Amino acid sequence: MPGAHYTGVFVHLIKHLEENGLCISGKVVPVNPETAVLAEPSTGNGGEDFARAALALGYREVTVIMPDGMPISRYKCMEQAGARVIKTPRAEYAEGMRRTLVDLIRGNADRITNGERIMVSPNHCGKDVWRITTNVMAGMIDKYWTEVGKPADLAVFAMGNGSSIYSPGKRLKELCP
C-alpha cells in the first residue's frame, strides 16, 4: 500500500538535502524547488510515494526511473502522482535504473553552467542517507509500540529494501527480546 512507510522517509531525505545542499565540483549547491529536479529509481510504491512527497514539498518536476516491461499500472501510478517516467531497458533492470540515474546526476556541472536546475536523488545523493532511512524506520516501531502498548508475538516486515526491514526489526527486538 503506498504511504505505508516510504513517504515519511522521502520527506526526511528531501529536507536533509535542502538543509545541507549538494557538493558539485567542490562547491555546495543549494537544493530546493527552484534549483533542483528530483529523480529516483523505483519499480513500485516507493516511486509513487517519492513523487507525492517531492510534489508536496513544492518540487515542480519529479522523475521516476523505471525498467521497461513493468505492468502498465505501475507507470500510470507514477504519472498520476505527478512524476515523469523514464523507462530503461528491461534486460538491464536495476542496473539500467542505476546507470540512468548516474548519467542524469553526472550532467549537473553542465546544468549549473547553463543556468539549469540540477538533478538530485534524495536516496542516493545526500550524505549519510542510510542513517536517516534507518532512523525513520526504527521510529515507526516506537510509534506503533506506543499505540499498541504490549509485546508483539509476531512481526512481518514486507516493506522493501534492507533498511526498511533491518531498522524496524532491530528496534522491535530491542523492545521485545
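1. Start with helix α3, residues 72-80: in this predicted model, α3 lies across β4 and β5. Its direction runs at about 175° to β4.

2. Those two strands are partners themselves. β4, covering residues 62-67, pairs with β5 in the parallel sense, and five bridges join them. If you want one spot to look at, take I65, whose bridge partner in β5 is I86.

3. Now widen the view to the whole sheet. It is open and has four strands, in the order β5-β4-β3-β6, with parallel pairing. At the edges stand β5 (84-88) and β6 (118-120); each has a single partner strand, so one side of each is left without a neighbour in the sheet. On average, neighbouring strands here are turned by 30° against each other, ignoring direction.

4. Another helix to find is α2, residues 45-56. It packs on the sheet and touches β3 (36-41) as well as β4. The direction of α2 makes about 175° with that of β4.

5. On to the inside. The largest nonpolar core has 33 residues, and the members touching the most others are L22, V31, Y59, I118 and V120.

6. L22 deserves a click. Setting aside neighbours within four places in sequence, L22 is in contact with L17, K27, V28, V29, V31, I118, V120 and C125.

7. The last two are the bridge partners from point 2.

Note on methods: Residues are numbered from 1 along each chain as its sequence is written. This is a predicted model: local features need pLDDT of at least 70, side-chain atom pairs count only at pLDDT 80 or more; totals for chains, interfaces and linings use all residues. Side-chain values use heavy atoms; hydrogens and water are left out. Two strands pair if DSSP finds at least two bridges between them. Axes are lines fitted to C-alpha atoms, for helices over the stretch in contact, and angles run from 0 to 180 degrees between N-to-C directions. Contact means heavy atoms within 4.5 Å. A nonpolar core is a set of buried Ala, Val, Leu, Ile, Met, Phe, Trp, Tyr and Cys residues joined through side-chain atoms within 4.5 Å. Buried means under 20% relative accessible area, exposed over 50%, partly exposed in between (1.4 Å probe, protein chains only).
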